[in-house]
Every structure is written in C-alpha cells, then in structure tokens.
Amino acid sequence: MKSKINSLAEYFKEYEKSINDPEKFWEGIANEFIWRKKWDKVLEYEFNTPKISWFKNSKLNITENIFERQLDNISNKTAIIWEPNNPEEDVIKISYKELYKKTCQFSNAMESNGVKKGDRVVIYMPMVPEAAIAMLSCARIGAIHSIVFAGFSSNALADRINDCNAKMVLTSDGNFRGTKNIPVKSVVDDALDNCKSVSKVIVLKRTGEKINMINGRDLWWHEVIENQSSEHEAASLDSEDMLFILYTSGSTGKPKGVVHTNAGYMVYTYYSFLNVFQYNKEDIYWCTADIGWITGHSYIVYGPLLAGATTLMFEGVPTFPDAGRFWEIVDKHKVNQFYTAPTAIRALQAYGLEYVKPYSLDSLSVIGSVGEPINEEAWHWYHDNIGKGKCPLVDTWWQTETGGIMISPLAGITPNKPAHASLPLPGIQPVLVDSEGKELEGNNVEGNLCIKFPWPSILRTTYGDHKRCKETYFSTYSNMYFTGDGAKRDHDGYIRILGRVDDVINVSGHRMGTAEVENAINENSKVIESAVVGFPHEIKGQGIYAFAICQKNDNDTVKTLEEEIKLTVRSIIGPIATPETVQIVSGLPKTRSGKIMRRILRKVASKDVSDLGDISTLLNPKVVEDIIKGAGL
Ligand code: WT7
C-alpha cells in the first residue's frame, strides 16, 4: 500500500506533486501494478474533442492485478463477505483464491457460449457474489460489461441492451429485497422481445421461482460452469480498451452510456479507495450501494479488490427485518469502514434511535457518504450516533463520469467539515467558473464546478455517440470538463457542493433527467404535454413533481389520471422514477418562444410561491394562477 497518504503534510506534498508533474505522479502509482507491456506515454489529451489516453499503448488486465498480483500474499484472505437479505440465511465468505477460481470458471463458461473480447454483456442481477464474479469475468475476457440496476423496468432494460448491442444477458430467476421476491427473469423475457442482439441468457438460481427457460437461449448458471476449468489466462488488453459501459441520465433525451477504460480506471479506483477510506490490511469494508450504480462498480468491486480488501456485499434493504439492519450487520461482521448514502441516513434517522441503540458499532473507524449533498442535520446525526463522534466522515463527491471519488476528506488525514466535500484528491484540479467560463479565484466564491485537467478515470466517451459526450461535458466551457454541479468554495477554501445546475433531478442519490421522465409520461395516450421538476424532499433529497395536461375520458377523475400517470412512469423507467406528485393542469407557463418556465414550476413544487419574479412576459400569465390554485397553495 505504497501510495497511502499518512498525514496532512503528506497530503499537501502529494497534491503539489500531482499538480506540478501529473505524469510523474500517476506513473509512480501505476508502477505498483503489473503490466504485460508498459506505456509509451502516461497522458495524452485534448479536451475539446475530447480525446484522452492514459498509459498509452500499455497492455494489462485488471483482474490479473486483483488476482495474480496479490494471490501470493492474500490467497486465503476473505475477498467478499456476502450478507443475505434474510438474516436467517447463511453468510458466504469467499477468499481471494476462491474468487479467482470462480472468476476463471465463469470466464471459461462465457467464452464457451460465444463471448469474445469487445462483446457487450448486460448484467441484470441481484446483490450476490455472482454479480461481482460476472463483472470480473467480463474484465478477464475483455468483454465489456454494462450493469443495469435490477429495479429498472423491462422497457428501460431493453433500451440499454439495444443501445450497446449486447450479445449476452446475465440475470437471476428472482431477487429477494426485504419481504419482496421480484421476478426479474420475466422482466428480462419482456425486454428481450424487443432485442435482437442477445443470443444467450445465463440465469442464476437464487429464489427458486418457477421461470420460463427458452430453449437454445436460456442457460442455468450452475450448469454452464459445470466441467469448466478454474484456470483461465487473462486477456492482454489495451489501456484504452473499454472496461465497462454504465448508463446514466442527463438533462436531455435517453440515458447515455458512460464509457470507462482499463488502465486509468484501475489506477484511480485503487488509489482513491486506499486514501479516502484509509484502508488497513485487516479491515472489513462495507459499501451499501448496489452494483448497478457506479459506486458499486468502483467501491464494492474494483477499488477494494485491487487494494486486497475484504469487501462486504449486502443483498437486502436497510429496513428489513427492521430499521436496525445496517447496524446489526456492522456489529455482526465488525465492519471498519462503512459507506452509504444521505437518503438512507435520513430514512433511518426518521425511524429513531431505538434502532441504533442495541448495537455497539465499536468496530467502525470511518463512515462515508455519497450520492447527493448531505445536509448538516443528517451529517451530525450520522457523525454522532453512528460514528459516535470519533469516526471521520468522508463526504465523497464524484459522478458516474468521473469513475472515482474526486473531492472528499481523506479519513482522519484532512479535516472534516459538516456538509462539505472539502478538498480535492491528489491529481484533481477543480475550478469554479462563472457563466462566461471565467475562473473564480480565491475563497468565498460560488459558481459552476469544472475540472481543468484530466485524471485517470475520467470518462472517455458516451457509447456510440461521441458528439454527445463532447456536447455534454466539454463544450459548455472550453478546455474543461463540466460537472453539471454548482459549488461554493468557503472562506477556508473548502468546497461545498450545492447540487445540479442542469435539468437533472437527484432522487435518493439516483440521477433522473427531467426530459426522460417527461418522455415516459407522454407515452400515456391521455397526456398532451407534461413538465417535470424536482423539489426538496425530506428523505429522498429531491422528489419528482410532474405537471400534465391531459385529455380526459368520461370516466376519468383527476385522481385516476394521476395514478395512471404514475404507473406509466413506473412501467417505462422503473419505481425509482415515480413522481411523488402529479398535478393535472390546463396549461403550462411558457415563454413567447414556447419554452417551459421551469423556474415557476419549481416554485410551485416546493410550495413557495412568494416570489415568482416577473411573469408578465409569459405567453399565458393566467395559467400560473390556475396552477398555484390547483396545487392547493
Ligand atoms: C451526482 C452524480 C457518485 C456516485 C453516486 C452518484 C451528486 C454525488 C455527492 C456529494 C453532493 C453529490 C452530484 C453529482 N453527488 N456525490 N458527496 N455531495 N452531491 O452518481 O448518479 O453519477 O450522480 O450526484 O450532483 O453530479 P451519479
């Protein structure tokens, strides 16, 4: 663990080195890994295209760096602790050696079923060790995984499968989540009615559900691995070959496939994991995210395993069998680092301290937060009651596109400040800019957050549409990566993230595009037009508020229409996108050029219409009054 920073002075020193000579800095870290062939050049980049290469022309395999590089030292160490949804069921512990064998075995099984380097494999699975094995096996072969969160609908799944032209889908018969048993295989079946590219589906038996297996297409996981060797020679991959695609929402159109590549992602997830969480050799680390999100990719699987950590995977939900489940698991497995989302903290806070009190939480040394700004109240509750006032709280700001944590305290090394992501990691050069793109220097300034220099795990493209990548991230400001977030640098120089400045809503740490939800609503044939905005929500951070103009049938009531629209969204995107409120309106406030004035709708949604600003220039000022009345304000 050579690259671990041990003091504040060392942080400043490393930070300075990383800025003065980034190539030398990252080369030093990359040298901790094994390479089939080393790079010709550490970094080559041009932001405006964008074209970014890290460790150019090197050859490697990320799983060789997890396994072959480390097995001599940690072969019997537990790699994954799996905690099942139902606490009565047995825990599974998988050592590095066993994980290696299972990965090799499944790599062989996928290859036997036609998967080759460069093929796309969609993973739609519960939180079970096989999901991690599936990812690692893709990486071992050089196939590109694209995980779709298993809560997305068949329609959303089909869109993603088609966008990347996946050859194979990996799934399970069903998923256990709390008291629910979700029939995921039938979701896959529905999706595949509209996907021509998929020739094989491998199904893990998890719930024992009776499912429909299609002859020639569907195969059981336990059958495909039978008789497969547990050795497999890792493919030698180019540093810039794709490792995975992960779909995420933006302010316009359909979700886009963020692309991460092998070498840079490996170096950065390892380095950031080690330093932010200050992982020690014997520690048990637990991140509660789902592997369907970037947090699960970088900080359940790749980062921890590259650092030889023991990573805990939890199948269930925080409130089953009761709201003390997280804390029960912490005590049961003596978890040292615990990483979760503000929405979970706020939800558990609402259940009350009686669910925390039965547990000692003594093992914890670091607690973390990710996904959205953590409000001060939740920060203190978490810090005082879970961290017992003694654990550093790392508020980690980053994005699907950044691949790894960008701005965050390093636990116990750099200072904690409630609700502040605080300081950038070495190698990260954040800047705040005004609307013209002028850099705002000094402290006590607020602006749009950009990053002015590449880091190894920056996205390389959006799959199949490089122009979109350029337009979304590299065109707003010249020569910078634009994050879509607003931020403030306070009087001490610490960064506080203020939230999205684009049309993206962050619901429970999950990103939803307003346009995406509107498109789903508009699929309902009774809807003429809709507009979606976010509003502050006590538990979820933000909730979705939808306004819709509808054509009513005789037997529709406002209530049935509202419910119907919610159902439409659930079935087109998935439950996480369901609007909290649907308001049927007679019209939407528009400018003379026909643009919806979301500013006004946001005010209505957040129940604060005291200052609507000038609405006289609207095409239809009267409609505002009706909307306010309709909202009961
Ligand atoms: C957006 C990225 C990073 C993995 C989970 C979400 C918001 C994320 C923080 C934080 C304030 C945060 C930002 C960002 N966000 N972490 N610590 N403080 N805001 O990944 O779906 O790609 O969303 O989440 O708005 O842009 P994502």
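Modeller: Two strands pair if DSSP finds at least two bridges between them. Strands (E, at least two residues) and helices (H or I, at least four) are DSSP runs, numbered from the N terminus. The model is predicted, with local features needing pLDDT of at least 70 and side-chain atom pairs pLDDT 80 or more, while totals for chains, interfaces and linings use all residues. Residues are numbered from 1 along each chain as its sequence is written, and side-chain values use heavy atoms, without hydrogens and water.

Colleague: How many residues of strand β19 are buried?

Modeller: Buried means under 20% relative accessible area, exposed over 50%, and partly exposed in between, with a 1.4 Å probe and protein chains only. In a regular strand the side chains alternate between the two faces of the sheet. From β19, Val366, Gly368 and Val370 point one way, Ile367 and Ser369 the other, and all are buried. For β19, residues 366–370, the count is 5 of 5.

Colleague: Which residue of β19 is the bridge partner of phenylalanine 338?

Modeller: Strand β18 (residues 337–340) pairs with β19 in the parallel sense over 4 bridges. In β19, the partner of phenylalanine 338 is isoleucine 367.

Colleague: Through which helix does the chain cross from β18 to β19?

Modeller: A crossover is right-handed if, with the strands pointing away from the viewer, the path from the first strand over the helix to the second runs clockwise. This β-α-β crossover is right-handed, and its helix, residues 342–351, is α13.

Colleague: In which sense do β19 and β20 pair, parallel or antiparallel?

Modeller: Between these strands the chain passes through helix α14 (residues 376–386), again in a right-handed crossover. Valine 370 has threonine 396 of β20 as its bridge partner. Over 4 bridges, β19 and β20 (residues 393–396) pair in the sense called parallel.

Colleague: What covers the buried residues of α14?

Modeller: The buried residues are Ala378, Trp379, Trp381, Tyr382, His383, Asn385 and Ile386. Contact means heavy atoms within 4.5 Å. By that rule, the cover includes α12 (325–333), β18, α13, β19 and β20.

Colleague: Which strands stand at the edges of the open sheet of 4 strands?

Modeller: The order is β21-β22-β24-β25, with antiparallel pairing. Each edge strand has a single partner strand, so one side is left without a neighbour in the sheet; these strands, 430–433 and 495–500, are β21 and β25.

Colleague: In β22, which residue is the bridge partner of proline 430?

Modeller: β21 pairs with β22 (residues 445–451) in the antiparallel sense over 4 bridges. The partner of proline 430 is isoleucine 451.
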